[in-house]
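User: I have a model open and would like to go through it with you. Could you take me through what was computed from it?

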Amino acid sequence: MTTLKSKLQEDLNAAIKERDELRSSTLRLTLAAITKEEVAGKEKRALSDEEITKVITREAKKRREAAEAFAQGGRAESAEREKAEGEILADYLPKQLSDDELQQIVAQAVEEAKAAGAEGPRAMGQVMKIVNPKVAGLAEGGRVAALVKKQLAG
């Protein structure tokens with residue numbers, strides 16, 4: 001059992017003892033997603049902390065999207081619950097990069113791509129190849145892509 005998974009399990013047990021329904025249900029769903037990922041494929045395997053972080057990121061993204069959908073549908077109570085679940089999951093994720101930090105990394109990558117001869121909107125793929133390893137898990141892909149497009153356009 002990995003350290004992140006065991007931490008989730010310990011936090012789940014604590015939430016159950018404290019009768020924290022929101023936290024316990026969120027952690028149960030997350031642990032179920034991790035277990036599902038572990039048994040996917042031909043044989044069962046234990047996930048690394050990095051892989052578990054990806055699963056938690058995916059779960060948090062689902063909560064954000066669901067909260068937006070509920071808010072647009074006029075179901076404020078459900079949207080609030082989804083937001084709260086997303087905040088609980090955010091505790092287990094690495095701190096996200098600020099806009100300024102991300103802007104700096106993207107600007108640096110654009111310069112590297114230009115030095116390699118790539119310019120304009122067609123350089124998007126090359127810039128993303130440079131940026132993605134640097135920001136993996138620290139910034140959402142859509143946010144990064146939007147910033148890269150903006151940098152390349154202007």
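Analyst: Let me start with a definition: a residue is called buried under 20% relative accessible area, exposed over 50%, and partly exposed in between, using a 1.4 Å probe and protein chains only. This is a predicted model, in which local features need pLDDT of at least 70 and side-chain atom pairs count only at pLDDT 80 or more, while totals for chains, interfaces and linings use all residues. Residues are numbered from 1 along each chain as its sequence is written, and side-chain values use heavy atoms, with hydrogens and water left out.

User: Ok, is Arg19 buried or exposed?

Analyst: Arg19 counts as exposed, because its relative accessibility is 76%. Arg19 sits in the loop between helix 1 (3–17) and helix 2, where helices are DSSP runs of H or I with at least four residues, numbered from the N terminus.

User: What is the phi of Arg19?

Analyst: The phi of Arg19 is near 60°, which is a positive value in a residue other than glycine. For background, most residues other than glycine have a negative phi.

User: Now Thr30, where does that lie?

Analyst: Thr30 belongs to helix 2 (residues 21–39), and Thr30 is classed as buried because its relative accessible area is 0%. A polar atom of the Thr30 side chain lies 2.9 Å from the backbone oxygen of Thr26.

User: And which residues does Thr30 touch, not counting those up to four places away in sequence?

Analyst: With contact meaning heavy atoms within 4.5 Å, Thr30 touches Leu8, Ile56 and Leu89.

User: How about Thr35, how accessible is that?

Analyst: Thr35, also placed in helix 2, is partly exposed because its relative accessible area is 35%. From C-alpha to C-alpha, Thr35 and Lys95 are 24 Å apart in space and 60 residues apart in sequence.

User: Switching topic, how much space lies in the largest pocket?

Analyst: The largest pocket holds about 380 Å³ of space. Of the 20 residues lining the largest pocket, those closest to its centre are Ala60, Arg64, Leu93, Gln96 and Glu140. A pocket here is an open set of points on a 1 Å grid over the protein atoms alone, where a 1.4 Å probe fits, with protein on both sides within 12 Å along at least five of seven lines, and lining residues have an atom within 4 Å of a point. The volume is the space filled by probe spheres set on the points, which are joined across faces, edges and corners.

User: Which helix gives the most to that lining?

Analyst: Helix 3 gives the most to the lining of the largest pocket, with seven residues. Helix 3 (49–72) and helix 4 (76–90) each supply at least two residues of that lining.

User: Last topic, how many residues has the largest nonpolar core?

Analyst: The largest nonpolar core has 18 residues, and those with the most contacts inside it include Leu102, Val127 and Val135. Helix 5 (99–115), helix 6 (124–135) and helix 7 (141–153) each supply at least two residues of this core, and helix 5 gives the most, with six residues. Such a core is a set of buried Ala, Val, Leu, Ile, Met, Phe, Trp, Tyr and Cys residues joined through side-chain atoms within 4.5 Å.

User: What is Val135 in contact with?

Analyst: Leaving aside neighbours within four places in sequence, Val135 is in contact with Leu97, Leu102, Ile105 and Val144.

How values were computed:
A polar contact is a pair of N or O atoms within 3.5 Å; within protein, one must be able to donate a hydrogen and the other to accept it, and residues adjacent in sequence count only if both atoms are side-chain atoms.
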